[in-house]
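Me: I would like to learn how to read the features of a protein model one at a time, with the general idea before each case. Could you take me through this one?

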Amino acid sequence: MGKIAIVTDSNSGITQEQGKKLGVYVIPMPFFIDEALYQEGINLTQEEFYVRLNGGADISTSQPNPAELCDCWKELLKTYDEIVYIPMSSGLSASCSTATAMAQDFDEKVQVVNNQRISVTMRQSVLDAIELMNAGKTAKEIKERLEAEKFESSIYITLDTLKYLKKGGRITPAAATLASVLNLKPVLQIQGERLDAYSKVRGKKAAKRAMLKAMKDDFEGRFANYIADGSMCLQVAYAGNPEEAKEWKKEVEKAFPGFEVYAAPLSLSVSCHIGQGALAIACAKKVTI
């Protein structure tokens, strides 16, 4: 069996320290803040990001530098026989397609996984890759398995502000003003490729109820078989509001008794477009060997 390196990016929510404990390599996502380059988890913490965001800094996301990523792969292949690279969903960033094109120069030694996930569901993909690697699967077999199950996940997110959706042109200024006056809270969903609207309700409590119902519907419908065989994982995520997230985690645990709920900050690449104060509930099927 060849020696395999598992590589992901910080959109998985896996920190550099956690990556070392898991035995995976984490590529830090780059951000431009007031035209200066920062790297998530290297010289940009979650706390610093929200201070700059709320301070009105001009923040834009980018993809990992192709040359640096290529150098990383070359260095790893001095020690490993193959690489499994798990970037964020191709529907949310061009980094996956860029990496896929680059991998063609590595004679199939680098397998880029396009399994349409981000944040806590993407983290589960990394854990699945480790599990498959330990079971003796090749890099190509790991890629094929993860991509075959890429849509077996779900994320619902509610926002505290529409400021950043308006700034990004996803809603009009008039719609944002009306929503603010009426205290409307959007619930967004990620069902694979994109961040889409799910529903609009009045107030955050109603938004949380809507998310819990949406997840229960998923559990009773499209994921019923995975619930029955115990292969579904449940997660919550948040954007710069850890205390509120603790209470949200308790609500989720109460609504889904018997589930161990994993909680983590949302990827900054998502938070950049939705702002501080967001809450999410997510699920992802874990691989069975």
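Predicted model: local features only at pLDDT ≥ 70, side-chain atom pairs only at ≥ 80, totals over all residues.

Me: Is Met102 buried or exposed?

Reply: The general idea is a set of cut-offs on relative accessible area: buried means under 20%, exposed over 50%, and partly exposed in between, with a 1.4 Å probe and protein chains only. Met102 has a relative accessibility of 14%, and therefore counts as buried.

Me: Which residues does Met102 touch, not counting residues up to four places away in sequence?

Reply: Contact means heavy atoms within 4.5 Å, and with those sequence neighbours set aside Met102 touches Pro66, Leu69, Cys70 and Trp73. Pro66 and Met102 are 36 residues apart in sequence, yet their C-alpha atoms are 8.0 Å apart in space. For the protein chain, residues 24 or more positions apart account for 75% of the contacts with a separation of 6 or more.

Me: At what angle do helix H3 and H4 pack?

Reply: Two packed helices are described by the angle between their axes and the distance between the axes. Axes are lines fitted to C-alpha atoms, for helices over the stretch in contact, and angles run from 0 to 180 degrees between N-to-C directions. Helix H3 (residues 66-76) packs with H4 at an angle of about 50°, with the axes 11 Å apart. That angle makes H3 oblique to H4, because angles under 35 degrees count as roughly parallel, over 145 as roughly antiparallel, 65 to 115 as roughly perpendicular and the rest as oblique.

The crossing of H3 and H4 is right-handed; a crossing is left-handed if the near helix is turned anticlockwise from the far one by less than a right angle, and right-handed if clockwise. On the H3 side Pro66, Leu69, Cys70 and Trp73 take part, and they meet Thr98, Ala99, Met102 and Ala103 of H4. This contact has seven nonpolar residues, one polar and no charged ones, where Ala, Val, Leu, Ile, Met, Phe, Trp, Tyr, Cys and Pro count as nonpolar, Asp, Glu, Lys and Arg as charged, and the others, Gly among them, as polar.

Me: How would I read helix H5 and helix H6 in these terms?

Reply: Helix H5 (residues 119-134) packs with helix H6 (residues 139-148) at about 140°, and their axes are 10 Å apart, which means that H5 is oblique to H6. The H5 and H6 crossing is right-handed. H5 contributes Ser125, Asp128, Ala129, Leu132 and Met133 to the contact, and H6 contributes Ile142, Arg145 and Leu146; by class, the contact of H5 with H6 has five nonpolar, one polar and two charged residues.

Me: In what order do the strands of the open sheet of three strands lie?

Reply: Two strands pair if DSSP finds at least two bridges between them. Here the order is S4-S3-S5, and the pairing is antiparallel. Strand S4 (36-39) and strand S5 (59-61) are the edge strands, each pairing on one side only. Strand S3 (residues 30-33) pairs with S4 over four bridges, and Ile33 stands opposite Ala36 in S4. Helix H2 (residues 46-54) lies across S3, S4 and S5, running at about 125° to S5.

Me: What is found in the loop between S3 and S4?

Reply: Asp34 is found there, with a positive phi near 50° in a residue other than glycine; Asp34 is partly exposed, with a relative accessible area of 43%. Glu35 lies in the loop between S3 and S4 too, with a positive phi near 75°, and is exposed at 74%.

Me: How many of the residues of strand S8 are buried?

Reply: In strand S8 (residues 153-158), six of six residues are buried. Ser153, Ile155 and Ile157 cover one side and Ser154, Tyr156 and Thr158 the other, and all are buried. S8 is joined to strand S13 (residues 279-285) by six bridges, running antiparallel, and Ile155 has Ala282 as its bridge partner in S13.

Notes:
Residues numbered from 1 in each chain as written. Heavy atoms only, no water. Helix = DSSP H or I, 4+ residues; strand = E, 2+ residues; numbered from the N terminus.
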